[in-house]
Amino acid sequence: MGKKIHQLSLDIVNKIAAGEVVERPASVIKELVENSIDAEANDIHIELVDAGKKQILVKDNGAGINNDDIDLALTRHATSKIQDLEDLYSISTLGFRGEALPAIASVSKMNITSKTKDDGAGTKLYAEYGDIKSRNKKAVSNGTAISVEELYSNTPARLKFLRKSNTELSHCISTVNNYAIAYPSVSFKLMHNGRSLFFLPQTNNTEQRLSSVLGTKAKWLSAKSAYEYASGEVFILDPSETDTVREIRIFVNGRFVRDRIVNHAVTSYFEKHLSTGTEPLIVMFLNIDPAFVDANVSPTKNEVRFREPNFIYSFVQSLMEQALKDAAPKRPGQAQTFSANYQTASDAMPQSLNFTTDTKKQSGTEQKRLDIPSSQIKMIGQFKMQYIVMEENEKLILIDQHAAHERINFERITASLADTKELQQLLIPDTLELNIGDSLKFRELIPQLNEKGFSIEEFGRGAKGKATFLIRSIPRILSNIDVKELFLELIKEDLSDVSRQALTKKLALIGARLSCHASIRGKERLSDMEVNQLLNQLGKCEFPYTCPHGRPTKIEITLSDIEKMFKRK
Ligand SMILES: Nc1ncnc2c1ncn2[C@@H]1O[C@H](COP(=O)(O)OP(=O)(O)OP(=O)(O)O)[C@@H](O)[C@H]1O
Ligand SMILES: [Mg+2]
């Protein structure tokens, strides 16, 4: 006999919603700050105690909540922001589901004080785990203050998922930063344990706000455009003034979102048009007629669906083009493939092993080239099938084959992971089964991995809570390695805070190591042609002298060193 179906209690329903909406203290901040912005506040004050685990207070000077409505604010599916189905397709507010406050309230102790300009006095309400315990009139200034205490204290199982305070705090800061970026006309103050972390005054200058939030003095390249139902503005931290920090922050209609289409349009643009290794910080603001973008895709609203993705793709690329029109162009003739300088066996040896890095900045980007002086290199042989031994003029040269390969693979993978265009669909999806702990870590990485060209989805749960993930595609550059092994290695890493850049590096490091296993290993007899190819490829690397872990790829012993060893000198 089947199990009896029964209606869930409101309390459980709210807790399920809380599970979706409130992942961590930063998600509470997100919801409260969004409500303040929707209430048209231009001054938002946030105070945290113990990274928000003990208390999160968000105070604004917005429109406030009517005294009569205050209970409704804690009622599920109660909102002042939409009326009917039509409105769902023309949303101009950040909130619309009427879920955030009741969800947060169901897993915390919440104080709300609020006053509209029309009400003589305000209201103070206290609720414990969603139950309203008291409601009083209170003389307060216009606006709303919501304090959330002891988050998840009634759901200890959830509490355990919270990370170290430092990690939670960094999520909180990055959440506030994102709203500060999207709303320069609002002042933000963030306090932690009684100390001020930052204050950002109101400004009508987006660039100035961006620089203060991101803590940079570098110049921004920017462009603005409007076309049909979309307008947009992009800010790119001048690549000639900054180190390479690949980061793309995307805001659609005032929401910080993760979006593959915009991301891809941006990365593929600068990969085609800028020197390799140029990885600027990019902030992209898009304002799209709500009829052409669906924000109701995930409960946390950090994804959107575009009605015309192709249009958005070209719109974003045209913004990039405008912004970068004066920036350094891609080097002409820059080899895309590593075999471009391939030489035949007859002239197998490269002319020199000086992988010189020209420190002069040309057109703002660092140039590197394989120096070709008149000296000749002669292959002596291989030692232990691990080291290439050569002579060049007065020097004996040893190359660590394995270190060289790792360097080459590392740089190829890093460059390629940024461009997700080259995918390899797997005819038969690969499956990865993980225990509870590992699956938790892995699940958090899926959105980022999927942005890099993997297509991973959770398939289901097996015995003892084990989770199965289906891998349908992988970036082509990783197609010769065992992707399961790659993920198992990745999970072993400390993943407490992986920025996009750090994740690429981790994947490239593991990928480089695994692809060395898959192709030429440390110990292998190499033909002259293979040696030549290896050296040519190494010469094109940005950092040819060390493997990605910092070990040298090449050691030189001069004739005079040798003579000293033989006590001839
Ligand atoms: N800071 C605030 N100032 C004014 N009104 C507020 C504030 N916070 C909440 N409210 C009122 O409470 C209602 C419920 O807030 P809640 O965040 O739960 O839902 P929402 O914002 O409408 O939708 P969503 O669940 O998508 O965020 C809002 O619709 C708004 O009317
Ligand atoms: Mg809301």
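The model is predicted.

**Helix α10**

Helix α10 runs over residues 309–324 and holds 16 residues. At 1.5 Å a residue, α10 should span 22 Å. Its end C-alpha atoms lie 22 Å apart, so expectation and model agree.

Which residues of α10 are buried? They are I312, F315, V316, L319, M320, A323 and L324. These residues cover an arc of only 160° around the axis, which puts them on the same side of α10. The spacing fits a general rule. An α-helix has 3.6 residues a turn, so residues three or four places apart point the same way.

What covers this buried set? The cover includes strands β9 (220–227), β10 (230–237), β13 (281–288) and β15 (305–306). Helix α9 (260–273) is also part of the cover.

**The open sheet β21-β23-β22**

Three strands form an open sheet in the order β21-β23-β22. The pairing is antiparallel. β21 (423–434) and β22 (455–461) stand at the edges. Each has a single partner strand, so one side of each is left without a neighbour in the sheet. Neighbouring strands are turned by 20° against each other on average, direction ignored.

Strand β23 covers residues 467–475 and is joined to β21 by eight bridges. Within this pair, Q425 stands opposite S473 of β23.

Two helices pack here. Helix α12 (residues 436–451) lies across β21, β22 and β23. α12 runs at about 150° to β22. Helix α13 (residues 483–492) packs on the sheet and touches β21 and β23. The direction of α13 makes about 50° with that of β21.

**Strand β6**

Is strand β6 largely enclosed or largely open? Five of the seven residues of β6 (residues 143–149) are buried, so the strand is largely enclosed by the rest of the structure.

β6 pairs with β2 (residues 55–60) through six bridges. There, V58 stands opposite I146 of β6. β6 also pairs with β3 (residues 109–115), through seven bridges. In that pairing, the bridge partner of T113 is A145 of β6.

| Strand pair | Bridges | Direction |
|---|---|---|
| β21 and β23 | eight bridges | antiparallel |
| β2 and β6 | six bridges | antiparallel |
| β3 and β6 | seven bridges | antiparallel |

Conventions:
Residues numbered from 1 in each chain as written. Chains lettered and ligands numbered in written order. Predicted model: local features only at pLDDT ≥ 70, side-chain atom pairs only at ≥ 80, totals over all residues. Helix = DSSP H or I, 4+ residues; strand = E, 2+ residues; numbered from the N terminus. Expected span 1.5 Å × (residues − 1). Buried ≥ 20, exposed ≤ 12 C-beta atoms within 10 Å, placed from the backbone. Arc of directions from axis to C-beta. Contact = placed C-beta atoms within 7 Å. Pairing = 2+ DSSP bridges. Axes fitted to C-alpha atoms, helices over the stretch in contact; angles between N-to-C directions.
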